[in-house]
Amino acid sequence: MVYYYLAIKKHHMTENNNMKKTEEEWHQCLTTEQYKILREKGTEAPFTGKYYKSKDEGIYLCAACGAELFSSEAKYESGTGWPSFFQTIEKNAVAVKPDASRDMYRIEAVCRKCGSHLGHVFDDGPKPTEKRFCINSASLKFKKMSSEKQAKQTNDKRQHKS
Ligand SMILES: [Zn+2]
C-alpha cells in the first residue's frame with residue numbers, strides 16, 4: 001500500500017515538474033498575445049480570433065503545452081465571437097475554477113496539464129450539456145483531422161444512410 005502510494009506520488013511530481021516553466025520560459029515559447037491570455041488571464045477581442053468561425057474537422061490543443069482539449073464535433077456557433085464548445089474532449093482535459101476578477105463571478109477554464117488560462121464556462125450552452133466553453137482562439141492550436149480519418153468518417157456516414 002505504501003509503495004503504491006509512493007509510486008503515484010512520484011509520478012505526479014515528475015508530471016508537474018515537466019510543466020513547471022518559469023515565466024521567462026513561457027515568454028520565450030509564446031507570442032506576446034498568447035502570453036497575455038494564457039498566463040495573465042487576458043481575453044482577446046471578440047470576432048478577431050483565428051478560430052471563432054472555423055468549421056474544420058479536427059482537434060483543438062492547448063497552445064501552451066499541446067494537450068488535447070476540444071474536438072471540432074463539440075464546437076458550435078454561439079454568436080459571441082469566441083470559439084465555443086459544449087464539452088471537452090475528455091472529462092478531465094479542462095479544469096474549472098471560480099474567478100471573481102473584474103467584478104464578475106465567473107467560472108474560469110484552465111488547461112488541466114499546464115494550468116494555462118483558456119477562457120470561461122457558462123451555463124447557456126446547447127443540449128445535452130448546456131455548457132458553453134467560451135475559449136480564446138489564442139489559447140488554442142488546431143490540429144486538422146488526417147485525411148485518412150476523414151475518409152473513414154465519410155464512409156461510416158454513407159453506411160449509416162444506406
Ligand atoms: Zn496546457
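## Strands S1 and S2

Strand S1 (residues 58-62) and S2 run antiparallel, joined by three bridges. Tyr 60 has Phe 70 as its bridge partner in S2. Strands here are DSSP runs of E with at least two residues, while helices are runs of H or I with at least four; both are numbered from the N terminus. Two strands pair if DSSP finds at least two bridges between them.

This is a predicted model: local features need pLDDT of at least 70, side-chain atom pairs count only at pLDDT 80 or more, and totals for chains, interfaces and linings use all residues. Residues are numbered from 1 along each chain as its sequence is written.

## The three-stranded sheet

S1 belongs to an open sheet of three strands, ordered S2-S1-S9, with antiparallel pairing. Strand S2 (68-71) and strand S9 (140-144) are at the edges. Each has a single partner strand, so one side of each lacks a neighbour in the sheet.

## The six-stranded sheet

Another open sheet has six strands in the order S3-S4-S8-S7-S6-S5. Its pairing is antiparallel. Strand S3 (75-76) and strand S5 (94-99) are its edge strands, and each pairs on one side only.

Inside this order, strand S4 (residues 84-85) pairs with strand S8 (residues 132-135) over two bridges, in the antiparallel sense. Ser 84 has Cys 134 in S8 as its bridge partner.

## The whole chain

The chain has four helices and nine strands. Along the sequence, the pattern is α-α-α-β-β-β-β-β-β-β-β-β-α.

Of the 162 residues, 26% count as buried (20 or more other C-beta atoms within 10 Å of the residue's own, with C-beta atoms placed from the backbone).

Technical notes. Buried ≥ 20, exposed ≤ 12 C-beta atoms within 10 Å, placed from the backbone.
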